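Please keep the sequence and the 3D view at hand while reading.

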Protein chains: 2
Amino acid sequence: MAGLRLEDIAKQVGVSRSTVSRVVNGHPHVREDVRKRVLEVIQKTGYHPNAAARTLASQRSQMIGLVLPRTVTSFFTDPYFPHLTQGIAQACNQSDYTLGLFLVGTKDDEEKIFPRVSRRGFLDGVLVQTGQIGDQLIDRLVNSNIPLVIIGRPFHADGVSYIDVDNVDAAYNAVSHLLRLGYQRIATITGPANSTTGIDRQEGYFRALAERDRTVDESLVAEGDFSEASGYYAMQRLLPAKPDAVFAASDMMAIGAMRAVREAGLSIPGDVALVGFDDLPRAALTDPPLTTVRQQVQQFGMSAVGVLTDLIENGITPPRRVIMATELIVRESCGAYRRQ
Amino acid sequence: MAGLRLEDIAKQVGVSRSTVSRVVNGHPHVREDVRKRVLEVIQKTGYHPNAAARTLASQRSQMIGLVLPRTVTSFFTDPYFPHLTQGIAQACNQSDYTLGLFLVGTKDDEEKIFPRVSRRGFLDGVLVQTGQIGDQLIDRLVNSNIPLVIIGRPFHADGVSYIDVDNVDAAYNAVSHLLRLGYQRIATITGPANSTTGIDRQEGYFRALAERDRTVDESLVAEGDFSEASGYYAMQRLLPAKPDAVFAASDMMAIGAMRAVREAGLSIPGDVALVGFDDLPRAALTDPPLTTVRQQVQQFGMSAVGVLTDLIENGITPPRRVIMATELIVRESCGAYRRQ
DNA sequence: GTGAAAGCGCTAACAG
DNA sequence: CTGTTAGCGCTTTCAC
């Protein structure tokens, strides 16, 4: 089982290495009976081609990397990333790629990881999650000229490929929904102001208000970092301004906000209506169930892999752009049903 | 930057390939000034060794795989796995290994993944999560003779290395705690009966009862699968038997149970006390905060990598066994504070 | 302390 | 349709 080479099975079948290589790689131009005999011996012996040798000779590793920068603070405490990862892993399975996972925890990690990711011949391409403004890692990756797909709109989008959901539109829809329900003091708990995701969702909030000629009240905007805790504290800061509805830029923040509202002795949606973003599985189980913007995170991850393999197979220019749609899921927390 | 070979920088420095290789790999027996000159050129040119070539020549890939079998239903919906993964990834960074992630979703995936994982020269070792009885994958992995560490006690433990927490002891402690608080009808929501984790935690429950000469009431035992939903339904089945306390074998199930208890109009811990298992970040934020068994999941993942690298560097025999301790975290849900 | 040379196991022209 | 022949870029004895 171990140490079996292409040569060995070639000898057993009585053909040349090349022929065996051809059948292993599914190339045409091999006589059917020969192919069959080769396959038999491969089966019998349990031969597997040596990946390193294959990579070295073909200059293709059939492996892609997923890099999650350290500025993604909420790594795996936010279910978003696990779901994304799962979608990506699934797509890799289907397209016969192996997934390398690079979690950048510290500045040190970044130094260690970068060479591994950009080293020629190791990865065919990389997927990287956008983080905060000024994140060096993405720029370095872009410069390394490896096929690269950025997950989320990057700050410097010139010439790079990325995939994102339509955050502005999604937030616009969510807030418009609240406006249609008649709420007067709609607050928002934003994502980090130094992340495109945070910025875009806030932009959607502004647009929806502007469209109805509402002026923006600064005391109704509180910044969070997508985490439960940040939502909790942001809501506490918002409460004195007496919002009658809140759009939170993530479900986790909405859940934190719920906790703060409840602790203040107020009811949802009676006193404060709430809309989240993500539609995590938990969102349907909160009390009351959370109205939220659904993104197909897993599908999103799969699409990201699709774009990357396109880049790998067909060249990195022109840059590809994919913007995915979202859907507003109306549950109890926005008060839509109560008001009907 | 691209296509730079060892040879190229050897030429630039005016030494042989071997010397440069020695410097790159930190071997001794290189004159200090030569080493410095080589390092300079490497720095200047941004040279990175080709991973495939290195793997091929050295028979070491510096890469390990993490395999999560498809029988781990709750993949990434249970925060347990993300935390575990994070710990593993972190340890990989530190010890200069690259982590390959293999999520087995379907039977098909399994067929695709197995060769990649067991293929010689691709991975130096693999970490695999235990799943259910009869999971073929683990047996196949064991037979492939690659350095292997099983995460969680495997069903067939002969000759294999594994790492686990002391589930029996942990559950025993949790239930003993409830017994000491004077509860009379202590129920349990178990993990899957075909998983060692489920079995061991149930065993701890039995032992604690037996030690106090309590007979086991079958109507106080309900099986779940570690998920929130399964905890919810299990609790609904338990409720008619009027338990005054419940030990759930996972926090997610405890959270589901809470929901069921609340929906039944009962209070926690007044009517039903509750203890969970895992100490997920969420456990401290439930209402009331959940008493639970803490496992240092991240630390656990890091230790798993430690064991694996030991196997890789020092041979796979004798099999290594690591059993990690747990700690009972007392919060409100068990009623300890209320009763004082 | 350093260089020459022989692979590691495979792919991919190129002949035939 | 099949075999021969070069490499892919690095590590690693073995001489010197």
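In which loop of chain B is B:Pro318 found? In this predicted model, B:Pro318 sits in the loop of chain B that runs between α12 (297–314) and β11 (321–324). The peptide bond that joins B:Thr317 to B:Pro318 is cis, with an omega of about -10 degrees.

| Residue | Phi |
|---|---|
| A:Gln59 | about 65 degrees |
| A:Asp96 | about 60 degrees |

A:Gln59 has a positive phi although it is not a glycine, and its place is the loop between α4 (51–58) and β1 (63–68) of chain A. A:Asp96 likewise has a positive phi without being a glycine, and this residue is found in the loop between α5 (80–94) and β2 (98–103) of chain A.

Seen as a whole, chain A has 340 residues, of which 52% count as buried. Its secondary structure comes to 13 helices and twelve strands, and its C-alpha atoms fill a box of roughly 85 × 40 × 35 Å along the principal axes. Among the contacts in chain A between residues at least 6 apart in sequence, 69% join residues that are at least 24 apart.

One pair of helices in chain A shows how such elements meet. The axes of α1 (residues 6–13) and α2 of chain A come within 8 Å and cross at roughly 105 degrees, which means that α1(A) is roughly perpendicular to α2(A). On the side of α1(A), the contact is made by A:Leu6, A:Glu7, A:Ile9, A:Ala10 and A:Val13, while α2(A) contributes A:Arg17, A:Thr19, A:Val20 and A:Ser21. By class, this contact has five nonpolar, two polar and two charged residues.

How are the two protein copies related? Chain A can be laid on chain B with an RMSD of 0.1 Å by a turn of 180 degrees and a shift of 0.1 Å along the axis, so the copies are related as by a two-fold rotation axis. The same surface serves both copies, since 100% of the contact residues of chain A recur in chain B.

Finally, we turn to the DNA. DNA strand D is surrounded by 28 residues, and the closest are A:Arg31, B:Leu6, B:Ser21, B:Ala53 and B:Ala57. The elements that give two or more residues to this surface are α2 (17–24) and α4 of chain A, together with α1 (6–13), α2 (17–24) and α4 (51–58) of chain B. The largest share, five residues, comes from α4(B). By class, the residues of the surface near DNA strand D divide into twelve nonpolar, ten polar and six charged.

Definitions and conventions
Residues numbered from 1 in each chain as written. Chains lettered and ligands numbered in written order. Predicted model: local features only at pLDDT ≥ 70, side-chain atom pairs only at ≥ 80, totals over all residues. Least-squares fit on C-alpha atoms with pLDDT ≥ 70 in both. Contact = placed C-beta atoms within 7 Å. Helix = DSSP H or I, 4+ residues; strand = E, 2+ residues; numbered from the N terminus. Buried ≥ 20, exposed ≤ 12 C-beta atoms within 10 Å, placed from the backbone. Near = placed C-beta within 6 Å. Nonpolar A, V, L, I, M, F, W, Y, C, P; charged D, E, K, R; others polar. Axes fitted to C-alpha atoms, helices over the stretch in contact; angles between N-to-C directions. Parallel < 35°, antiparallel > 145°, perpendicular 65-115°, else oblique.
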